[in-house]
Amino acid sequence: MKNLFRGKVVGATLSTLFLAAIAGCGSDDARRREIAQIEGEEAAKKQVETENRNRDQRAKAMEEDLAQRDNFIDALTGDFVGTYTRIDSIYGEQKWEVHMNLTSSLPTYKPPQRVRSPEEIAVDLAKIAIRPTVKETNLDSGNTFGCDYGDVLPDYNYGMFQAKASSCNKQYFVSLALPDTTDENPIPKDSQIKMARALMSGALLRVDELTVIITSNFDREKRIVQLKRKLPNE
Amino acid sequence: MNKNHLFSLVGLTFLVVGCDEPVLKLSGSLPGKLSVVKTTDKAKRENANTLVTVRGFKIDQQNFGIDILERDLSKTLYAFKIKGESPSKIQLHSQIFVPKGFISLQVQDSCGEYAAESLKVKACLSEESIYFAIDAQTEKGPWQLFVHAAKNFDDSDGMQTEYSLDTLVKSVKKFTYETNIRREVVFQGNQNIALARANLLPRLNLKVLLEGPKALFSLPEALSSFLPFVFPNRWYELDRTKALYQAERYSYAVLLSQQVSTAANFYFTISHYELALKEMRGFLTTLETTYRRVHDAVEGGFEDPNEAAIVGNRLSKLKSDVLSLEDDLRQQYASLSRFLGRPIQTPISIELPSLPSDPTIPEIDVFQVTKQAEEKSLELKQMDLLIEAAKKHSKGVTFSFFDPGAIGGWEIGFDKIPRIEIAQSETRRLEAEKGLVGRVLGEEVEKFASIADRVLKQAPIVKSALVNSEKTVRRELDHLNSGEDFNASHFVDRFEELLGWKQAQVQVALLSFIMKNKLEKLLTEGHYENLLAVVPEGKPIQKKGK
């Protein structure tokens, strides 16, 4: 039994020496490979760092964009009320009240501690919109009609949006100020553009008055109505 | 002047009065009922207590007004109208129709006067009363009419103003022999007017009204049953044998039976109109609200203008139908008043039956009911007695034979009714007429059974259709109110269907009462029981020449 154990130990020692002799022949190549590997890793690391920095910057820009849009929509959120009068063929002069409720499609955004990925922010950017619901009430008869317009993308630069839906027979062109014309593509005033910028920057936190041009599928007449913010205690 | 002419004249009178002539105006409160007194005795003017020919303030506000029609001693007509826009604003038109034509009152302050040699008229309005007086010299002497209408109506004439079927029948049974002799003509006239009015129903715009959505039932058809009718020219005043006397008694009982039946017909027709109107007014309110909403939706630019036009058109038709039916109802009440011998202008009303939700109608064994009806028929018994009397009479006694089925047409008057001589020579004819009465009786049972069968079968259909129809209309209205797409054509069609089913429900319930009444008549039960006991004994038999 002892002889057998001794024989195995001698065999293993010889094998080790042989392998060491072979390795000693290629040591430069290995070194070069080792250096290349280290250099590659550093480059890659730098690239990743650059990419991350770019990504963070883009995310930051997107967050800022989102925040500006959020500021804009947040300033519009709430209830706006206005009236107009029309002469009814049967019932004479009738007073109508327009009630426009504006909400945001996203809850008010509060940035998290961590930096969100651009993809995450992109989802919010794609989603954020104004949701107008409009009701009109004939104040003489008490009859109310209305429509829900779903998500509407506002024009952030010009401070306007258009509540329009295939299921609704009335359309409401809403702007921060009375445009020069009642055309479908009205030219915004400078004051309106400045106001839109102020809203996005957060310099102006709340809009209290809107101008609405009302059109109907059944009525060629356009109505311009001033809506005022309805405060909670009103 | 016959009745038609009289009505035309009155209509014309009011048409002319409706022009823009000067009027006495009173603004203020003269609400509710007015006590109205009339007398031709100047001395009694202040304390007169006779109720007059005034259709008064109890009628609805749309027709608020008083019509006064009077005839002087020469039977010429005086007519004037006090009409109001509302109970608090009434006007006395200054044009009044008198025998010479229209006269205009000279209006000063709150009175209007006219004075000529043979005619003086004065009319005044005050906060408390309306005063109207005529002093006229007629061919038959001086004649005065004084009408004073004041607040605080005193309904002390003792006459009933609201009738149930029971009280109507009681009133009929109280008709006296003398009044009934005079009433024969009136009775026929009223029966015919009632039938004619019933025939006017199709003039309604919305055909489902009063006909049911698929014309399941016809109340006029159910009400129009009428057995041939035989009666003496003058009751109990002729030579008679015992058989003839008994025949006259049965004849009188048949007359009473027909009068009870006519009263019931009036009751059911008026009930039908009242109930139908009640439903229609409810629907009118709903349709007006709906129209206003659709109209607003159109005006607001939310709906297509055509939608409002469709609803508006249907609304106009319904309004027109309500007015037509109200007019028919007034005519029915007027006919009933005449039938009861009341002044036409004194308002009466009907205590409406409470309609069962599940009407009960017994199944009819035609053979059995026919057999019983033949056994109990007053008409057949009368014919038997007349035949028996005829066999004993060599000299004819004239009876009239009234068979509306045979002569048709409601304009046929009393004089054109065929006559039968109660004499031996006429025995065959009398037997033939008895055969006719028997046949018509059998037909009446058949018709009765057929309608009863239809009502029985259709009642559950109407009930379930009504439930479904109500759901459908509610859904349509929900659509409209929630701002969903509203299809006006679809809505008005469903609405009309519901109206039809509602009317059918009323008809089914009323038909159950009518059928009960008809069965009672055929079997001389209920309201038709013991009519012979109500018949007066008549005058003693007097032989001619004694």
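Biologist: How many disulfides are there over all chains?

Modeller: A disulfide is a pair of cysteine sulfur atoms within 2.5 Å. By this rule the count is one over all chains. This is a predicted model, where local features need pLDDT of at least 70, side-chain atom pairs count only at pLDDT 80 or more, and totals for chains, interfaces and linings use all residues. Residues are numbered from 1 along each chain as its sequence is written, chains are lettered from A in the order in which they are written, and side-chain values use heavy atoms, without hydrogens and water.

Biologist: Which residues form the disulfide?

Modeller: Cys147(A) and Cys168(A), with sulfur atoms 1.7 Å apart. Their link is left-handed, at -75 degrees about the S-S bond. Cys147(A) sits in strand S4 (residues 144–148) of chain A and Cys168(A) in the loop between strands S5 (160–163) and S6 (170–175) of chain A, so the pair ties together parts 21 residues apart in sequence. Strands are DSSP runs of E, at least two residues; helices are runs of H or I, at least four.

Biologist: Are Cys147(A) and Cys168(A) buried or exposed?

Modeller: Buried means under 20% relative accessible area, exposed over 50% (1.4 Å probe, protein chains only). Both Cys147(A) and Cys168(A) are buried.

Biologist: At what angle do helices H2 and H4 of chain A pack?

Modeller: Axes are lines fitted to C-alpha atoms, and angles run from 0 to 180 degrees between N-to-C directions. H2 (residues 27–76) and H4 (residues 190–201) of chain A pack at about 110 degrees, axes 6 Å apart. H2(A) and H4(A) are therefore roughly perpendicular, a term for 65 to 115 degrees.

Methods:
Parallel < 35°, antiparallel > 145°, perpendicular 65-115°, else oblique.
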